[in-house]
Amino acid sequence: RTGVPGHENCGQNRAPLLPQQFNASSLYGWDQVKGQNDYLKQKWNNRTQNAKSLRQNWFLLDVYPMTILRPDGHRPDRGDCLHYDLPGPPDWWNHLLYSNLMDLSKTVA
């Protein structure tokens with residue numbers, strides 16, 4: 001899966017953000033995560049284009065776009081603005097994974 005940044009001052013957020021409201025903080029290099037994900041996707045695409053069998057057996061779960069909008073899901077009571085409470089965004093990563101697996105099963109069957 002792709003990486004996700006934390007959210008600075010996550011305790012101040014009580015609801016999800018709109019896409020235009022997200023601003024990656026430079027705290028801990030969180031502003032570099034999107035560039036790292038873009039690099040990963042580029043290398044991933046280059047590799048899978050060169051190996052068709054790899055493309056059929058592996059896929060990249062991109063959770064970045066949906067997770068950056070959820071500063072309200074962190075554990076600010078513990079001073080933790082990187083990890084998430086459960087239930088929360090990691091549960092939706094599981095939903096995304098399940099949906100992708102179901103889509104893949106339709107192409108294999």
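# Close-up views

**View 1. D62 is partly exposed, with a relative accessible area of 26%.** Here partly exposed lies between buried (under 20% relative accessible area) and exposed (over 50%), using a 1.4 Å probe and protein chains only. The model is a predicted one, in which local features need pLDDT of at least 70 and side-chain atom pairs count only at pLDDT 80 or more, while totals for chains, interfaces and linings use all residues. Residues are numbered from 1 along each chain as its sequence is written, and side-chain values use heavy atoms, with hydrogens and water left out. D62 forms a salt bridge with K41, their closest N and O atoms being 2.8 Å apart; a salt bridge places a side-chain nitrogen of Lys or Arg within 4 Å of a carboxyl oxygen of Asp or Glu. This pair links distant parts of the chain, since D62 belongs to the loop between helix 2 and helix 3 and K41 to helix 1, 21 residues apart. K41 is likewise partly exposed, at 27% relative accessibility.

**View 2. The protein chain as a whole contains four helices and two strands.** Helices (H or I, at least four residues) and strands (E, at least two) are DSSP runs numbered from the N terminus. Read from the N terminus, the elements follow the order α-α-α-β-β-α. Of the 109 residues in the protein chain, 28% are buried. The accessible surface of the chain amounts to about 7700 Å², and carbon and sulfur atoms account for 52% of this surface; such areas come from the Shrake-Rupley method with a 1.4 Å probe, and for residues only the protein chains shown count as cover. Among contacts between residues at least 6 apart in sequence, 68% join residues at least 24 apart, a contact being a pair of residues with heavy atoms within 4.5 Å.

View 3. In general, side chains of opposite charge can pair when their charged atoms come close. The structure holds four salt bridges.

**View 4. A disulfide connects C10 and C81.** The S to S distance is 2.1 Å, and a disulfide is defined as a pair of cysteine sulfur atoms within 2.5 Å. A search of the whole structure finds one disulfide. C10 lies in the segment before helix 1 (33-50) and C81 in strand 2 (residues 80-84), so the pair ties together parts that are 71 residues apart in sequence. The torsion about the S-S bond is about -75°, and the disulfide is therefore left-handed. Both C10 and C81 are buried.

**View 5. The surroundings of D80 include a salt bridge to R75.** D80 is found in strand 2 and counts as buried, at 15% relative accessibility. The side chains of R75 and D80 meet at 2.9 Å, N to O, and R75 is buried as well as D80. The D80 side chain also makes a polar contact of 2.9 Å with the side chain of H83. A polar contact is a pair of N or O atoms within 3.5 Å; within protein, one must be able to donate a hydrogen and the other to accept it, and residues adjacent in sequence count only if both atoms are side-chain atoms. Apart from neighbours within four places in sequence, D80 is in contact with C10, H74 and R75.

**View 6. P5 is buried, with a relative accessible area of 1%.** P5 lies in the segment before helix 1. Not counting residues up to four places away in sequence, P5 touches F22, W30, V33, Y64, I68, L82 and Y84. P5 and L82 are 77 residues apart along the chain, and their C-alpha atoms are separated by 6.7 Å.

**View 7. F59, L97, L101 and L104 form a nonpolar surface patch.** The patch covers about 290 Å². Patches are made of residues with over 30% relative accessible area and no salt bridge; like charges are joined within 9 Å, and nonpolar side chains (Val, Leu, Ile, Met, Phe, Trp, Tyr) within 5 Å. F59 is placed in the loop between helix 2 (52-57) and helix 3 (64-67) and is partly exposed, at a relative accessible area of 31%.
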